[in-house]
Amino acid sequence: MWRKLKRGYRQFKKDEPGERFIDAHDRWKEYSNGPVATVLIIVSGAVLIAGGLFLGLVPGVPGIVLGLLGFALIATRFRRMAIWLDWSEVKIRRTWNRCRRAVAHR
């Protein structure tokens, strides 16, 4: 199981930004079929999102990481969510690079 997760993460990391989540969605859809797997994945994603929101209220704890993992997990089941996350990743990367360039030119 750990090998599969590691392999999936490596493939996810290799994919181009803007296509990662859709590719991961397609790969996961091939391997995990059935309503039980879908329910477990959605519940796990929701728990991670809720945990991220809760930990976001605690100073010094990066709850956003848990929330993002929850969204990514849910995106493995819903193509719409995967498309939205790919779109968001590209926008966030572009904004992050602009901010870094602006700070570097000061």
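Colleague: Of the contacts in the protein chain with a separation of 6 or more, what share comes from residues 24 or more positions apart?

Modeller: That share is 57%, where contact means heavy atoms within 4.5 Å. Bear in mind that this is a predicted model, so local features need pLDDT of at least 70 and side-chain atom pairs count only at pLDDT 80 or more, while totals for chains, interfaces and linings use all residues. Residues are numbered from 1 along each chain as its sequence is written, and side-chain values use heavy atoms, with hydrogens and water left out.

Colleague: Thanks! How many helices and strands are there?

Modeller: The protein chain has 5 helices and 0 strands; these are DSSP runs (H or I of at least four residues for helices, E of at least two for strands), numbered from the N terminus.

Colleague: And how much of the chain is buried?

Modeller: Buried residues are 23% of the 106, with buried meaning under 20% relative accessible area, exposed over 50% and partly exposed in between (1.4 Å probe, protein chains only).

Colleague: Does α1 lie in the open or in the interior, and why?

Modeller: None of it is tucked away: the number buried among the 13 residues of α1 is 0, so α1 lies largely in the open.

Colleague: What about α4, which residues are buried there?

Modeller: G63, G67, G70, I74 and A75 are the buried ones in α4. They fall within an arc of 140 degrees seen down the axis of α4, so they line one face of the helix; the arc is that of the directions from the helix axis to the C-beta atoms. Their cover includes α2, α3 (35-56) and α5.

Colleague: Switching to I42, what does it touch?

Modeller: Leaving aside residues up to four places away in sequence, I42 touches I74 and F78. I42 is found in helix α3, and I42 counts as partly exposed because its relative accessibility is 29%.

Colleague: Last topic: how much space lies in the largest pocket?

Modeller: About 1,300 Å³, a volume being the space filled by probe spheres set on grid points joined across faces, edges and corners. A pocket here is an open set of points on a 1 Å grid over the protein atoms alone where a 1.4 Å probe fits, with protein on both sides within 12 Å along at least five of seven lines.

Colleague: Which residues lie nearest its centre?

Modeller: G8, Y9, F12, A24 and W28, out of 32 lining residues, which have an atom within 4 Å of a point.
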